[in-house]
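Hi everyone, thanks for coming.

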Amino acid sequence: MEPYEVAYKVFLSLILTLSVVLNTTAFYTISIKVKKKELAHLFILSISFTNLLESIIGLLPHIITSGEILSGSNSLCIASGFAVFGFATTSITHLCVHSLSRTVAIKYPIYYFKNRKRFWYRTALISVCYVYGFIWATFPAISWSKYDLDLDKRRCSLDWNLTRSDSLSYILSVLIFCNIFPGILITIGLFKSKKVIYRRRTRNLGQKDDNQPDIFEKHYLKVFSLSSVLFFVAWTPYAVVSILALLKIAPPPLLVTTAALFSKLSAVSNVLVNCFINKSFIKHLFSIRVIQVVAKRGTELKIIGHAAFLHKEKSLSY
C-alpha cells in the first residue's frame with residue numbers, strides 16, 4: 001500500500017473514531033442526564049444520531065476495503081450512495097432548521113417558548129429534516145440521474161460525469177436546494193439574530209436588569225456563528241465540484257477527495273459546536289461515573305507528575 005493510501009486511511013479512521021466517540025457521548029449524555037429535554041436538546045440528539053450513522057456507513061467501508069468492490073452499476077453502490085447522501089442532506093437540513101429555530105427563539109421569544117414543548121411542533125420540525133434529506137437521496141435511485149462511482153474512484157456518489165442527460169438538472173437542483181439555499185437561510189438567520197440582539201442591547205443600555213437573557217443570547221450567537229462558519233467550510237468544496245460539473249469541466253480527483261473529506265469533518269464539528277463548548281453539557285458530562293473516574297485519575301497523574309518534576313528540580317539544585 002502506498003504512503004498516500006496509508007495516510008488517507010489513517011485520516012478516515014481518525015474522523016470515524018472521533019465521530020463515533022463524540023456523537024455517542026453526546027447522545028448518551030443528553031438522553032440519560034438531561035431530565036427536561038428542550039427542543040434544542042432534541043435537535044442535537046437527532047443531529048448526533050444522523051452524523052453517527054453517516055460516519056459509520058460512509059467511512060467504515062473505505063477503511064476496511066480498497067474500494068474495488070464498488071462499481072457504478074451494482075446495488076451496493078446505489079445503497080451506499082443513497083444512505084450517505086441521504087444522511088448528509090438530512091444533516092444539512094437539521095443545521096438549517098435548527099438555525100431558523102434559534103432565530104425564532106431570539107426574535108419571537110414568546111411564540112418560541114409557547115410552542116417549543118408541543119409534541120406536534122417538535123415532531124414536525126425534526127421530521128421535515130429526514131423527509132427533505134431522503135427525498136433528494138431517493139431521486140437518483142428512481143431514475144432522476146443516478147448514483148455512480150466518484151471521480152476519484154473511492155466512493156459512490158452523484159453522477160458528476162453527467163453520463164445521463166437528466167444528471168445536469170439534478171445536480172443543479174441539489175446545488176441550489178441542498179447547498180446554496182440552506183447556506184442562505186443560515187446566513188439570514190445569523191444576520192437577523194445579531195440585528196435583534198444588538199438592537200435589544202442598545203435599548204437596554206444603562207438599565208439595571210437581569211443579565212440571564214444576555215448570557216443566553218451570547219451563547220446562542222456564539223454557537224450560531226460557529227455553526228454557520230463550519231457549514232461553509234465543510235460544504236463549499238462540494239459546491240465547487242458541482243459548479244465545475246455543471247460547466248462540464250471535469251473536477252480534479254484531488255478536489256473531489258478533498259471535498260469528501262471536508263464534508264465528513266462536519267460529523268465531528270457539529271457535535272463539538274453544539275455540545276462540547278456548552279458549559280451546561282460539560283456539567284452533565286462530568287456527572288457520568290466513568291468520566292468522573294477518568295478525570296480523577298488524570299488529576300492524580302498530573303499531581304504525581306508535577307511532584308516528580310519539583311523533586312527532580314530540587315535534586316538538580318543541590
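**Cysteines and packed helices**

Let's begin with C275, which is buried at a relative accessible area of 1%. Buried here means under 20% relative accessible area, exposed means over 50%, and partly exposed is in between, using a 1.4 Å probe and protein chains only.

A word on where this comes from: the model is predicted, so local features need pLDDT of at least 70 and side-chain atom pairs count only at pLDDT 80 or more, while totals for chains, interfaces and linings use all residues. Residues are numbered from 1 along each chain as its sequence is written, and side-chain values use heavy atoms, leaving out hydrogens and water.

C275 also belongs to a helix contact: in α8 the residues that meet α1 include C275, L272 and F276, and on the α1 side Y4, Y8 and F11 are among them. Contact means heavy atoms within 4.5 Å. By class, the residues of this contact of α1 with α8 are 18 nonpolar, four polar and one charged. Nonpolar covers Ala, Val, Leu, Ile, Met, Phe, Trp, Tyr, Cys and Pro; charged covers Asp, Glu, Lys and Arg; the others, Gly among them, are polar.

How do α1 and α8 pack? Helix α1 (residues 3–33) and helix α8 (residues 253–276) have axes 9 Å apart, at an angle of about 25°. That makes α1 roughly parallel to α8, a label for angles under 35 degrees; over 145 is roughly antiparallel, 65 to 115 roughly perpendicular, and the rest oblique. Axes are lines fitted to C-alpha atoms, for helices over the stretch in contact, with angles from 0 to 180 degrees between N-to-C directions. Helices (H or I, at least four residues) and strands (E, at least two) are DSSP runs, numbered from the N terminus.

Now, how many disulfides does a search of the whole structure find? The search finds one, and a disulfide here is a pair of cysteine sulfur atoms within 2.5 Å. The bond joins C77 to C156, with the sulfurs 1.9 Å apart. C77 lies in helix α3 (residues 75–107) and C156 in strand β2 (residues 156–158), so the pair ties together parts 79 residues apart in sequence. C77 is buried at 0%, and C156 is buried at 7%.

What about C129? C129 is in no disulfide, and the nearest cysteine sulfur, that of C96, is 8.3 Å away. C129 is buried too, with a relative accessible area of 0%.
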